[in-house]
Amino acid sequence: MPAVSKGDGMRGLAVFISDIRNCKSKEAEIKRINKELANIRSKFKGDKALDGYSKKKYVCKLLFIFLLGHDIDFGHMEAVNLLSSNKYTEKQIGYLFISVLVNSNSDLIRLINNAIKNDLSSRNPTFMNLALHCIANVGSREMAEAFATDIPRILVAGDTMDSVKQSAALCLLRLNRTSPDLVCMGEWTSRVVHLLNDQHLGVVTAATSLISRLAQKSPDEFKTSVSLAVARLSRIVTSASIDLQDYTYYFVAAPWLSVKLLRLLQCYPPPEDTALRSRLTECVETILNKAQDPPKSKKVQHSNAKNAVLFEAISLIIHHDSEPTLLVRACNQLGQFLQHRETNLRYLALESMCTLASSEFSHEAVKTHIDTVINALKTERDVSVRQRAVDLLYAMCDRSNAKQIVAEMLSYLENADYSIREEIVLKVAILAEKYAVDYTWYVDTILNLIRLAGDHVSEEVWYRVIQIVINRDDVQGYAAKTVFEALQAPACHENLVKVGGYILGEFGNLIAGDPRSSPLVQFNLLHSKFHLCSVPTRALLLSAYIKFINLFPEVKGTIQAVLRSDSQLRNADVELQQRAVEYLRLSCIATTDILATVLEEMPPFPERESSILAKLKKKKGPGNLPGIDDTRRNVNGATEHCNGENGAAAATSSPSLMMAPLANRPRPAHSVPIMLSAGTMNSAHPFNDLLNLNSPAAAAANSSLLVDVFSDATPEPASAFASPPVPDVSDESFGRFVCKNNGVLYENHLLQIGLKSEYRQNLGRMYVFFGNKTSSQFLGFSSSVTSDDTLQTHVNVHAKAVDPVIEGGAQVQQVLNIECVAEFNDAPLLNIQFRYGGAAQNISIKLPVMLNKFFQPTEMTTQDFFQRWKQLGLPQQEVQKIFKPKHPMDTEVTKAKILGFGVALLESVDPNAANFVGAGVVHTKTSQVGCLLRLEPNTQAQMYRLTLRTSRDTVSQRLCDLLSDQF
């Protein structure tokens, strides 16, 4: 580009910028800007024609004012006029103004396009570059439609200068990202590919970026680029640094081009031509050899450039997966980075070795580094590196090292970061089942897992251990004995109580012969945990009790007394009350034969893919889960077993992890009442599972058909014309917003949704930010809020319209106005629909609009608080919950959560200084509900007791449920 001469320095602009910088206040700055805008407007409208210099100066000032954050609504025509100037500086400012300020829907777009076409056809390289940069900067669909056919012609023309070719290639790359359907090389394909042979390495670098993008979409059209890329890469890696002086970076020859060529080759399988394949192998070996050479510089730039090329070469080796020697060598060189002082290199080495572990050629080589990886897991400071170490241990696991790896993961689990604990739990559960030769070890491992990380053990994990125990007769007695012993601990996690209740209810008779585990001892042990459990677990324990009546008639009277007690028959929860009533009645009127039939032992589960593995795949995302099967990829992409006969024998003799129950087994449910009738008594398997009954979804879909609730698969539609499936409602982030108003609500590989909300009395406003994480447009974007009929009468949500098109990398905002009419329990749903890459996307998310958001904190004295506390003394006005915390009991964190919940934290009110006391008023349109709360932590027992008193029992219960889930 030509240099700007001294005469082009705009003194008026410099003075204006200086004046802005010297302003003492915002008001002074606005005043100076308004004065300047009035002056510029008068100059543009004046009778005297402005020369090019003046136009340029005033347009520059407008651009500067816009960059300060002020709106500019004039001057666009003057900027367009600058495009017709023959002076570089004037044309440059015109293009800069247009790139920044002109909208693609502007009325001036036709004039701008004409000016750009004139510059593209001028053959002046400086003007052509300015035009190409403008097209790329704007990058709109209109630009692509206007110039997508002209730019390829410029790119391949023989008389086009090298700098213009670079700009043209990168401009096409930008248009392809924004409008891929409009950018097609067509007849120019072969000539674009041959740019890889260009003498100018800048052109080759830009062309490689373009071809890599196009090859991903149309690999067959650009297949000829492989041989040219190999030839160019060979010339680079075999050349001395002095041969490519202009493109040598800290003694590394053309590192950026080398990386791009290696990435281009990863778009294709290994070359079929022997000579070409041999040449590519030589290139990769040369890169590996150079990486071993002593460094030519101590500067970090040298090592970064050299390692960038090395890691990309290893990625190519892994992609081809066809050269055993190279795979093993790559593994060994990555092993050297596992103890490197640079954290990023350790991370990259672990990540690459995860992929190498899935290859049949390099799996054994990866296993040799197990001690180093375990040490990294224990000593690494960076959590992301520790997570990659967990991934690598998971990927390298097989039958020879499964017990060691599972033991190390369990050991690490005690101190692992909360963000990755659930993932580690899933991986341990998968590995323990997959490689369990002795299923007693599997049972011990899962129970230990629940003990160490109970809060992070998902339902899928404890469901699965029950499946395994039921399906294997040889482990049932051991499982019953083990859970019985585990339940004797003073503090048991609720998931362990669930497993214990289920297994003892089914197989408690197998250990009843020992006086230490007699039927009455088993019952008393389970019932001692009853009052500490949540409603779903209590429901499961009641079902275990009725199973005990069938297994052990001698404890029938004791269990009936429990079922007959007021705490059961008059329980506030309808599910528990109904179970107690029906079980008591069943035990009184049914004969021994009928009881034995209704309460018979669970039949074995049919086999299908495990829901644990499906959950892990969903958590890690597609393509991010290392393989854990005994199968390793071979050269042709097929799979073959590497453990020979032993592996095959184990696979046939044990239920595979990849399998889970088919459609004839109900899943443990939380709130489905038990209904006994003559119809159920006479069915083929009458009441197979009294512990856990049909899921609500299954019952609603077809009362006579049991569905597969253990897997993520949905039943096939009954008709080919069935409506498309409704998306699953995402509520993973719902609980995180109970005590905060801002944050990321949802995120996947396409879209990120953020929230910022504010509330005052019964009104609220929520700002929802939708961020496009891709480089392509979201088309037909819509976002709406829906509520069921009951919720609509209690909460009004008005959503403003959102832009139907979200550009790649852009963010749009939607405003939701919320009004609380009356107290409510459920939450509205945010439904998002858009099209990406031709595919319809449908997302449904639970909006974090809870009752506590409409709290107004209330300050109270000690006397006022206890006076009001006594006034709210009726039983229905108080809700109390005793629970075990999910997180460490930290005083400051607890204070922050209570304040975030919305109430005022009252200091020095409670006689016990360790307790927390709060007060607030929930505002609705129809009423105001006062609320008093008291949270009593017991650090010795690691338990909380939460008590809430309000004038409405429904409000007390809802607020108690919301707050207790935060600790």
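Start by selecting Gly902, which sits just after helix H40 and takes a positive phi of about 120°; helices here are DSSP runs of H or I with at least four residues, strands are runs of E with at least two, and both are numbered from the N terminus. The model is a predicted one, in which local features need pLDDT of at least 70 and side-chain atom pairs count only at pLDDT 80 or more, while totals for chains, interfaces and linings use all residues. Residues are numbered from 1 along each chain as its sequence is written, and side-chain values use heavy atoms, with hydrogens and water left out.

Next, select Asp890, which caps the N-terminal end of H40 through a side-chain oxygen lying 3.0 Å from the backbone nitrogen of Glu892.

Then select Thr894, Lys897, Ile898 and Phe901, the buried residues of H40 (residues 891-901), where buried means under 20% relative accessible area with a 1.4 Å probe and protein chains only. These residues lie on the same side of H40 because they cover an arc of only 100° around the axis, the arc being that of the directions from the helix axis to the C-beta atoms. Among the elements that cover them are strand S17 (916-923), strand S18 (928-938) and helix H41 (953-964).

Finally, move to the lining of the largest cavity by selecting residues including Pro270, Arg277, Leu280, His320 and Leu326; lining residues have an atom within 4 Å of a point of the cavity, which is a set of points on a 1 Å grid over the protein atoms alone where a 1.4 Å probe fits but cannot get out. Helix H15 gives the most to this lining, with four residues.

Methods:
On a 1 Å grid over the protein atoms alone, a cavity is a set of points where a 1.4 Å probe fits but cannot get out, and a pocket is an open set with protein on both sides within 12 Å along at least five of seven lines; lining residues have an atom within 4 Å of a point. Buried means under 20% relative accessible area, exposed over 50%, partly exposed in between (1.4 Å probe, protein chains only). Contact means heavy atoms within 4.5 Å. A polar contact is a pair of N or O atoms within 3.5 Å; within protein, one must be able to donate a hydrogen and the other to accept it, and residues adjacent in sequence count only if both atoms are side-chain atoms.
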